[in-house]
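This report describes selected features of a protein model. The structure is shown first, and short sections on individual residues follow.

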Amino acid sequence: MIHARIVGTGSHLPGEPVTNDDLVRRGIDTSDEWITTRSGIRSRHFAEPGCKSSELALIAARRAIEAAGCAADDIDLIIVATSTPDFIFPSTATLLQAGLGIRNGCAAFDVQAVCCGFVYALATAEKFIRSGSHQRALVIGAEVFSSILDWADRSTCVLFGDGAGAVVLEASSEPGVRAMALHADGSYHPLLWVPGNVAGGQVTGDPFVRMDGQAVFKFAVKVLDEVVREVVDLAGVPQDSIDWLVPHQANIRIIQSSAKRLGLPMEKVVTTVSFHGNTSAASIPLALDCAVRDGRIRPGQRVVLEGVGGGFAWGAALIDF
């Protein structure tokens, strides 16, 4: 049987950290106390004006490829999860492919599931590999969310950041990705969305992130608990065999509530939200790479990834490292 294993991780954060006090100095009507008590966020990173998601993805991808011990041309599938693509088209994945100098004609495309995008992209790549059609996939979450923030809306602009995270997924005879679960319910879309577009050369609607924070919180806590239990059942393993939970880094209160429902101590939860902010599709692979590189996540351990985002779309993956 063919399995898909994560053999390398990488990430990138642009520029220097921007603290909550830095936001106050920029003229945003907020405070460090207001932000930290509601979200747990103390700093985040913003890309320079004009910087694109593919540029952040390129650095993260190179680091993941290096960690995997392979060459860029060994990649035969590229999937980029992003809500902030460089252009309407071509896909950010093809731009990344060009940046990496890959000329082998491998498939490259984007996935859009907002903050759950990386889980969706990982699930897609896993199916390609298990089918036997592909051997090595580069899966990335990359966002320049600062480009769609309304700096006059303190309920959203203080929560998000920019960054990219990547993994290399490889065919193996040993189990790796043991179970995946994906869900969506479009009826909730007005709770978290960017209700704008471009038509006829003009912006139509509202081009900024809008969110009903309380409603998102309640929904997220409920479905994250359910989907983690689902992948544990699908994998046929005991819940107490989970060594690490790597959640979407949106809000520390959501993370804490999710862990409590699952009976997991926070010592088993990877949290980077305090210094990354919410980087949407990049948040899970950023946190994963952080924990791999600092030695917390080690070979032989069992890890669960979970995410929920606009759509709503949500999902989880249970992975043996």
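The model discussed here is predicted. K222 forms a salt bridge with E226, and their closest N and O atoms are 2.9 Å apart. Both residues belong to helix α7 (residues 213–235), where they stand four residues apart, about one turn of the helix. E226 is likewise partly exposed, at 38% relative accessible area.

## Other salt bridges

Side chains of opposite charge can pair when their charged atoms come close. The structure contains 14 salt bridges. One of them links K127 to E126, with 3.1 Å between the closest N and O atoms. K127 is partly exposed at 49% relative accessibility, whereas E126 is buried at 3%.

R293 and D289 also form a salt bridge, their closest N and O atoms being 2.6 Å apart. These two residues are separated by about one helical turn, because they lie four residues apart in helix α10 (residues 283–293). D289 is buried, with a relative accessible area of 3%.

T82 is located in the loop between β4 (77–81) and α4 (92–100). Is T82 buried or exposed? Its relative accessible area is 3%, so T82 is buried. The T82 side chain reaches the backbone nitrogen of T84 at 3.0 Å, and a polar contact of 3.3 Å joins it to the side chain of E143.

## A nonpolar surface patch

I88, F89, V198 and V203 make up a nonpolar patch on the surface, together providing about 490 Å² of accessible area. Among them, V198 belongs to strand β10 (residues 196–199).

Technical notes:
Residues are numbered from 1 along each chain as its sequence is written. This is a predicted model: local features need pLDDT of at least 70, side-chain atom pairs count only at pLDDT 80 or more; totals for chains, interfaces and linings use all residues. Side-chain values use heavy atoms; hydrogens and water are left out. Patches are made of residues with over 30% relative accessible area and no salt bridge: like charges are joined within 9 Å, nonpolar side chains (Val, Leu, Ile, Met, Phe, Trp, Tyr) within 5 Å. Accessible areas come from the Shrake-Rupley method with a 1.4 Å probe; for residues, only the protein chains shown count as cover. A salt bridge is a side-chain nitrogen of Lys or Arg within 4 Å of a carboxyl oxygen of Asp or Glu. Buried means under 20% relative accessible area, exposed over 50%, partly exposed in between (1.4 Å probe, protein chains only). A polar contact is a pair of N or O atoms within 3.5 Å; within protein, one must be able to donate a hydrogen and the other to accept it, and residues adjacent in sequence count only if both atoms are side-chain atoms.
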